[in-house]
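Hello,

Here is the structure I promised to pass on to you. Please open it alongside this email, and the notes below will walk you through what turned up.

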Amino acid sequence: MEPILTINNLTKKFGYLTAVKDLSFTINKGNVYGILGPNGSGKSTTLGIVLNVVNKTQGDFHWFDGTTSTHDALKQVGAIIERPNFYPYMTAEQNLKLVCRIKGVDQNKIDEKLTVVGLLDRKDHKFRTYSLGMKQRLAIASALLNDPEILILDEPTNGLDPQGIHQIREIIKNIAANGTTILLASHLLDEVEKVCSHVVVLRKGEKLYAGRVDEMINSYGFFELKAEKHEALLQVLETHSNIGNVKIEGDLITAFLNEAMSASEFNQLMFEKGILLSHLVKRKESLEEQFLQLTDHK
Amino acid sequence: MLRLIKIEFQKLWLNKVSVVLIFVSFILPFTVLILSSIKINFFGFFTLELGELGIFNFPIIWHITTFFASYFKFFFAIVVVSMIGNEYSNKTLKQNLIDGLSKKEFVLSKFYTIVFFSLCATILIGLATFVIGMYYSSYTEATIIFREVEFLLAYFVKLVGFFSLCLFFGMLVKRSAFALAFLVILYIVEWLIFWAAVYFTGTVESAFKVKGVLPLESMYNLINQPVQRIVMTKFPEKTDIMYDYAVHWYEIAIVLGWTTLFVFLSYQLLKKRDL
């Protein structure tokens with residue numbers, strides 16, 4: 001796989017505080033990555049370092065194959081950090097023209113990208129008249145101007161209203177569907193879960209996990225069950241070797257799997273034991289549950 | 001280089017305040033120059049014509065126009081500090097870097113703009129002086145006309161030096177108003193150093209030599225005040241008011257040295273900073 005960003009043993013100290021501790025991971029082309037972690041876990045600092053605005057203390061990183069300088073590599077990257085920063089006295093179009101000049105790309109994509117984020121009709125309005133949601137969408141348009149190899153988004157839905165959040169997510173999903181590599185930093189787990197295939201989990205500047213979302217914890221998922229013969233069902237579950245923990249909430253039984261087992265296999269088994277299920281759902285832990293499990297263990 | 005100047009010009013041209021200030025710093029010295037060169041009739045009581053004083057004669061006119069025009073540099077100084085201050089307050093500096101501008105390019109784009117502006121100001125003052133001089137001057141032989149044209153070079157170096165100082169202060173304190181206050185502080189500090197030098201060396205003359213290497217004083221020394229020289233031309237027999245008003249190579253070297261240092265320090269500051 002083609003690497004886009006490689007980070008080796010990166011460390012950043014702000015005085016006594018270590019914001020990022022010995023962090024290493026690689027971003028490969030074509031995947032959608034999430035960086036997860038609570039507030040203050042070093043997500044923004046890590047992104048700041050690779051984006052040339054924060055100086056590293058130790059370690060190193062390189063973009064692509066490592067032959068281009070960071071600021072040249074950044075011309076092939078689209079990034080949005082925290083809040084959208086533009087010149088308030090310029091219109092949307094003028095701001096984007098400036099970005100084109102900095103990135104050294106042609107200005108003919110401005111209208112196209114403004115259409116992607118739905119701001120074409122407001123392109124002659126000054127940036128200072130924009131709402132936060134519009135500013136954030138303009139930032140995305142700006143990040144897309146060079147058709148980047150990778151799009152970096154740091155808390156892109158922070159502070160937005162539900163419509164704004166929905167719009168931004170739709171835009172991100174569409175971009176991801178086009179095959180653009182995305183790196184999304186967020187503390188909102190459902191956000192990451194909805195779009196990411198891979199995650200890096202950070203806590204207090206340390207990496208807890210890096211890899212595929214569905215392999216984050218060794219889990220075969222669990223069944224949610226209901227049956228008329230409640231007691232009989234419980235008995236079967238306790239004796240079956242594939243089933244580990246069993247949790248009971250009212251008449252809903254949650255049975256965690258020790259080994260792989262499909263829902264139809266389980267249904268077959270129950271049928272043979274003479275238990276008729278009124279409710280059977282096989283689920284995997286949500287990212288939130290996995291995340292909490294992971295951060296609790298360490 | 002052209003790309004960097006284009007980037008900076010877009011930032012300046014679309015900002016109304018900086019456009020007004022740039023125009024003022026260009027137009028005002030001309031208005032003053034032209035007004036002073038025309039014959040003003042005070043309601044028939046008397047006519048004031050500065051040209052008759054001989055101040056528009058070559059070569060002294062180069063000295064006089066560059067000296068007085070350099071006072072208008074303060075308008076563009078405001079533009080320089082605000083073009084740094086705004087980048088910090090709008091956080092667009094951070095965005096510029098993320099978009100792929102290097103820190104070196106950022107400082108250079110500001111510096112090139114300063115050089116470009118100083119060059120324009122020098123050329124315009126040069127042309128205006130030439131035209132007015134040709135109109136008023138009693139001497140119009142080429143050797144006399146271009147004798148003290150080095151004042152134009154001094155003017156250019158003075159502008160570049162002063163704006164580089166503003167650039168550095170802007171980078172240092174990140175806020176335009178504070179940066180301008182630092183200029184005043186530096187002015188006071190230079191006088192304090194002067195008095196300290198008087199105390200330690202014992203003579204005012206050597207103390208002025210010490211002050212002469214400090215940034216603001218070295219810029220001022222490039223073009224000394226011309227009033228005394230005008231008086232000198234009126235009373236050539238009074239030798240006690242003679243003074244050295246020429247542009248010396250070492251004066252230019254000192255200011256260029258400061259300029260290099262200020263631009264370099266601005267870059268180092270930005271490089272060290274976490275944004």
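**Two crossing helices in chain B**

In chain B, α1(B) packs against helix α6 (residues 103–136) at an angle of about 80°, and their axes are 8 Å apart. At that angle, which falls in the range from 65 to 115 degrees, α1(B) is therefore roughly perpendicular to α6(B). On the α1(B) side, the contact is made by L4(B), I5(B), I7(B) and E8(B). The α6(B) side brings E105(B), L108(B), S109(B), K110(B), Y112(B), T113(B) and F116(B). By class, these contact residues are 6 nonpolar, 2 polar and 3 charged. Please bear in mind that this is a predicted model.

**Where the chains meet**

Chain B gives 21 residues to the contact between the chains, and chain A gives 22. On the chain B side, α1 (2–13) and α5 (92–98) are the elements that contribute two or more residues. The largest share, 6 residues, belongs to α5(B). This side of chain B is made up of 6 nonpolar, 8 polar and 7 charged residues.

**The two domains of chain A**

Chain A is assigned domain 1 (3–215) and domain 2 (222–297). Their C-alpha centres lie 40 Å apart. Domain 1 of chain A puts 9 residues into the contact between them, and domain 2 of chain A puts in 6. On the domain 1 side, α7 (189–195), β8 (198–203) and β9 (206–212) of chain A each supply at least two residues. Here α7(A) has the largest share, with 3 residues. The classes on this side of domain 1 are 7 nonpolar, no polar and 2 charged residues.

**A four-stranded sheet in chain A**

Chain A also has an open sheet of 4 strands, in the order β11-β12-β10-β13 and with antiparallel pairing. Its edge strands, β11 (243–249) and β13 (277–283), each pair on one side only. Neighbouring strands in the sheet are turned by 20° against each other on average, direction ignored.

How many bridges join β10 (residues 222–227) to β13(A)? There are 6, and the two strands run antiparallel.

Helix α8 (residues 230–239) of chain A lies across β10, β11 and β12 (252–257), running at about 155° to β11(A). Helix α9 (residues 263–272) of chain A lies across β10 and β13, at about 150° to β13(A).

Best wishes

Notes. Residues are numbered from 1 along each chain as its sequence is written. Chains are lettered from A and ligands numbered from 1 in the order in which they are written. This is a predicted model: local features need pLDDT of at least 70, side-chain atom pairs count only at pLDDT 80 or more; totals for chains, interfaces and linings use all residues. Two residues are in contact if their C-beta atoms, placed from the backbone, lie within 7 Å. Ala, Val, Leu, Ile, Met, Phe, Trp, Tyr, Cys and Pro count as nonpolar, Asp, Glu, Lys and Arg as charged, and the others, Gly among them, as polar. Axes are lines fitted to C-alpha atoms, for helices over the stretch in contact, and angles run from 0 to 180 degrees between N-to-C directions. Angles under 35 degrees count as roughly parallel, over 145 as roughly antiparallel, 65 to 115 as roughly perpendicular and the rest as oblique. Two strands pair if DSSP finds at least two bridges between them. Domain bounds come from an automatic or database domain assignment.
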